[in-house]
Amino acid sequence: MMRILHILDHSLPLHSGYCFRTRAIMKAQIASGLTVAGITGVRQNQHGCRTNLPEEKTDDLQFFRTLAQVHGPSPVREWREVAVLADRIEQVIGEWQPDILHAHSPALNGMAALRAAKKTGLPLVYEIRAFWEDAAVGNGTGKENSPRYWLTRQLENHVINGADAVAVICEGLQTDLVGRGVKPEKITISPNGVDLELFGKPPARDQQLLAELNLAGKSVLGFIGSFYDYEGLDDLVAALPMLQVSHPDVHLLLVGGGPMEDALKAQVEQLGVGSAVTFAGRVSHSDVERFYGLMDIMVYPRKAMRLTDLVTPLKPLEAMAQGRLVAASDVGGHRELIEDGVTGTLFPAGDSKKMAEKLANLLDDCSSWPQTIETARKFIDAHRNWSSNILRYKPVYQRLIARKSFECAA
């Protein structure tokens, strides 16, 4: 039975899109007959999930932890992180005996995995979920073309060149890598998908929550996620007064939090639309379905930039699986997921006026919603279901194991 060791920045019991993609991959691989485990670096504790256990199970998944304490200024601290994770990976390889190392971005994980792969002779798959230098620009912690941006990109290129195979989550990332000179045959696309065990059943409308939030009789636009600048929520708030002219009953329900929360609340007050906007705050993962059930249209107004053009988000897929109508900006990451007028609605990124017009037209055309929702759900079943998505990994694993066996025999 093939044994896969996933090398991760962080994992469950933390909650993030990164963790949920990992969970879906591991659960689906186990269901397909593989034996899998994960190992996390020192940032698992830094993310607020402190443990003294070198190994633990969560949600019936096995994780090895790196318990070393790492200190020092950047970039010394990052090099130390790589070193202690590489040592821990080698230790786990000796104990658990995996057949494949499957490292997931960021590049620090890839660097540690590459060191361990070279020492042990195990094949290495490196999976890129986003270019982290672009993610840093998007969330405001980095600047494009800065020294740190350049260094992160060079580290990524080093790992890509050293890995035996590379996986990416979308066509945008694949195109970028090919442009860097990576051979197309080295790259496998394993697209973002939906765990239909978690998101496969449309939620019922929670009448108690509807009353608590005073949303009865309202046309509810919704967003669930992190309030980063690149999500474009300020453009959505700016569209609201224009939309209210034709649809005075429209209401915006924002669930989550993040760096832009205070600015968004100030913008709502400045525009005088406070009565039409509810900030619900962060909610537990178990309560997310209750809020999905209140939302008529999920809106994803991402701004146009490298991050959003290259990377496909997970939230619109989850919304489609939940039977929600989806409207989104026309950035590259959304265009890979949504066909305008077929599985959802697209509007020009950064254009609040056009967004308001598109949303108004959608609210006026309720008769088309059931067909759009059904078509989107069929798209999820056929192309974004994790039980079928993970099948893309297995031929890669098998090819690399066979190649390593041949090299050892020779």
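By class, how many nonpolar, polar and charged residues does the lining of the largest cavity have?

A: Before the count, keep in mind that this is a predicted model. Now for your question: the lining of the largest cavity has five nonpolar residues, two polar ones and three charged ones. The space they line comes to about 80 Å³.

Where do these residues sit? Two helices, helix 3 (76–96) and helix 4 (107–120), each give at least two residues to this lining. Helix 3 has the largest share, with three residues.

That's one hole, but the structure holds four cavities of 30 Å³ or more. The second largest cavity has about 60 Å³ of space in it. Around the second largest cavity you'll find F20, R21, A24, G193, V194, D195, L198, F199, L314, E318 and W386. Here the elements that supply two or more residues are helix 1 (17–31) and helix 8 (196–199). The largest share of this second lining, three residues, belongs to helix 1. Sorted by class, the lining of the second largest cavity has seven nonpolar residues, one polar residue and three charged residues.

So, back to the part you asked about: in the largest cavity, helix 3 is the element to look at first, since the largest share of the lining comes from there.

Notes. Residues numbered from 1 in each chain as written. Predicted model: local features only at pLDDT ≥ 70, side-chain atom pairs only at ≥ 80, totals over all residues. Heavy atoms only, no water. 1 Å grid on protein atoms, 1.4 Å probe; cavity = no way out; pocket = protein on both sides within 12 Å on 5 of 7 lines; lining within 4 Å. Points joined across faces, edges and corners; volume = space filled by probe spheres on them. Helix = DSSP H or I, 4+ residues; strand = E, 2+ residues; numbered from the N terminus. Nonpolar A, V, L, I, M, F, W, Y, C, P; charged D, E, K, R; others polar.
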